[in-house]
Amino acid sequence: MSESAQFTSAIDHSVPGLKKLIKNHLKFSLARDTQTASRRDWWLATSKAAQSLIIERMIATQTAHHRTNAKRVYYFSLEFLMGRLFSNSLYSAGIFDEIELALQEMGLDTETLRKEEYDMALGNGGLGRLAACFLDSLATLDLPAVGYGIHYQYGLFKQEFRNGHQVELPDAWLTYGTPWEIVRPEHSTEVQVFGQVENVFDDRGNYVPRWTGGKKILGVPYDIPIPGFGTNTVNFLRLWESRAPEEFDFEAFNRGGYGEAVREKNVSETISKVLYPNDKTESGKELRLVQQYFFVACSLRDIFRRFRKDNEAWEDFPEKVAIQLNDTHPAIAIVELLRLFHDEYGMAWEKAWSIVTKTFAYTNHTLLPEALEKWSVPLFQKVLPRHLQLIFEINKRHLEQVEAKWPGDVHRKRVLSIIEEGHVQMVRMAHLSVVGSFSVNGVAALHTQLLKAELFPEFDEMFPGKFNNKTNGITPRRWLLACNPRLSTLISKKIGTGWERDLDKLRGLEQYANDPDFQSEFMAVKHANKVDLARIIKTQIGISVNPAALFDVQIKRLHEYKRQHLNLLHILALYRRLLQNPDLDIAPRVFIFSAKAAPGYDLAKCIIKAINSVGTHINADKRINDRLKVVFLPNYRVSLAQRIVPAADLSEQISTAGKEASGTGNMKLALNGALTIGTLDGANVEIREEVGEENIFICGMTVEEVTALVKKGYRPHDFYMANEELRAVVDWIGSNYFTPDEPGCLRMLCDNLIYNDPFLVLADFQSYSDSHKLVDAAFKDKPRWAKMAIMNTARMGKFSSDRTIGQYASEIWKLDPVKV
Ligand SMILES: *Cc1c(COP(=O)(O)O)cnc(C)c1O
């Protein structure tokens, strides 16, 4: 028990000690003196001071993991949406208050410095943010873990609005460097892509296939330390940057001269150049497959190196290594690990495959068909010819098992095959992931149920017990402690600290939900946060909003299934009701949107334009007396979410039932005391279970109702004809009333709703609109609203990512904590 050596720090954590550390970094790391230092310099110096403490613990952690030869989990993800790391590092290093004081004494403050940091936005949305929350929880729970991904030179594009239209600008997050990363050229590794398969004699006289002639690429790792909260564990995130193996290709130089040689180099460096900005759609682009293979191949070589330091026998690999695949994006790792064992280490197929399938676990994130990754066989042949052969062999053996279980069942073989037959054969990455993993999990109870019953019923039958649920969560450190200091302070005052590492403790607030004093304190915090957000709105987009109004918030990627356009229809209906009945008694509302659309997603961009145009019009209409405001904050990202979430009264979670796998924005908002208006979709179902149905506004069709309607044949035009108000607002959008300068520009949205409406917006409109009337009534009853808001915060313990990661560790990875 007393075996673990207690870590002691060599750094002086006192206020004077930290002051000196910051000044030393300013001088020796940045070559600045206190007179000429800019805010950014101070931010960098302070960050480096915090980083020193964290690095000290990282070294101790890695030593402990090595010494105990601990099993580690490797989290493979093409996306990590980290946001800013400054506050998180200060809290985790346990020096937030000390740094605040140290800075104060030098005439500075954390709040100002914090804003100097550029968001680390190496992800699109929920999937990437989940990976970031998981890293935080893994470290906080003392679990040995490494995250693996790509060191993109450009993260998710920056969004601006020009005349209400989205424009995309490059996200040059590394322009001024980042204090958090450590480059480790000594762990660089070489991989290849393209080339061909030749049959050659190996060193035992066997005629074997060998992958030759590929293009060599160097992967250089950058490490970001990941400190746990309230513990010494510091794990790391290792991101690969692609480089040309030689600075300069002399052969190319001799062939084509300088320009040719540099171009060769540029191709290699293109791989980690930019994050693909598509959320929930796969474009099948060659570079994307190369990105996937590149980072996975580098990571596996890195894992091999680490495994070999402490272990002899490959049989022990699954005892020491668990690899979690965040969606199918890294699924090619299954084939690469098999190839390494079988081709490179000469292991028999059966043994290699048995180790592989004890190593990988796969998380499915979506049921949307357009999001399920498929690669054409010709593309695979070009990029990864040997892997394609191995996939066909995996599939052959897989289909033999199907035949053994269901002899002669041709249909079953077709649906279970890794290869989709057709004009062009396609490799189904989800099928490969299911076959190659020992665990397949969904991300909310409803999602897992649909995964088993609708997407993969035959697989569930073939592999009973392989499918399981791990409902998503969020880290309370970022999504309450750091983003909402006022509420955090109030909570700790009322129930003490400890909830940061044990979120179920928030249940202690329930007993005060009816207490008028606590209600007014709780709502005073909410009001102060709304005043802050109102100031941000004013500075960012010049619109004045009333902090006493109901802040109705929908923040998430712009996607048809998330139905921002349903929200817009309701805004128009309210606006019209106010124009037709100026005495209508409704609580003033501010509708707040923030969302990026994928650059090639025309309808999503049209919805952005529609919200902006309608908003501009409503905000300028004096007749409605500021009772409605519509605000669209540009450039949605983690740091902006951290400002909006604490100020929200109402959380819009209105995806078509069955389409949102889980959602995590829903959890952030409810945790911070926003009430949810939402469909019975994703984790909303479990949020309702936790908070109680009296503390949530549920509307719209259920999954069963959606299925029945679609089966019967959904005709949006019927709903449009049958509902006078709905017809009026849809036509209003389609007219040029809101876009006189750009006639026809919203036509595509209007036509889509009337004639297509794949996500049943019109079918759910009336129910949604009715539910909003209940919201209005509840908001006017201040004590009732306060009680409901407190109940939401108090009952969100389940949605801590610590709970989620605890379940992954014990039920999937069989992973034990290591105390440092
Ligand atoms: C939490 C988060 C998301 C996911 O939001 P959902 O509402 O679950 O889709 C997306 N982007 C950012 C920046 C986030 O912080």
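**Lysines at the ligand, strands in a sheet**

Author: In this predicted model, a polar side-chain atom of K556 sits 2.7 Å from an oxygen atom of the ligand. Local features need pLDDT of at least 70, side-chain atom pairs count only at pLDDT 80 or more, and totals for chains, interfaces and linings use all residues. Residues are numbered from 1 along each chain as its sequence is written, and side-chain values use heavy atoms, with hydrogens and water left out.

Reader: How much of the ligand does the protein cover?

Author: 96% of the 380 Å² of accessible area that the ligand has on its own, by the Shrake-Rupley method with a 1.4 Å probe.

Reader: Over at the sheet, why are β15 and β16 called edge strands?

Author: Two strands pair if DSSP finds at least two bridges between them; strands here are DSSP E runs of at least two residues, numbered from the N terminus. The order is β15-β17-β16, and β15 (374–376) and β16 (419–420) each pair on one side only, so they're the edges.

Reader: How do you know that β15 pairs with β17?

Author: There are three bridges, in the antiparallel sense, and at least two are needed, so they pair.

Definitions and conventions: A polar contact is a pair of N or O atoms within 3.5 Å; within protein, one must be able to donate a hydrogen and the other to accept it, and residues adjacent in sequence count only if both atoms are side-chain atoms. Helices (H or I, at least four residues) and strands (E, at least two) are DSSP runs, numbered from the N terminus.
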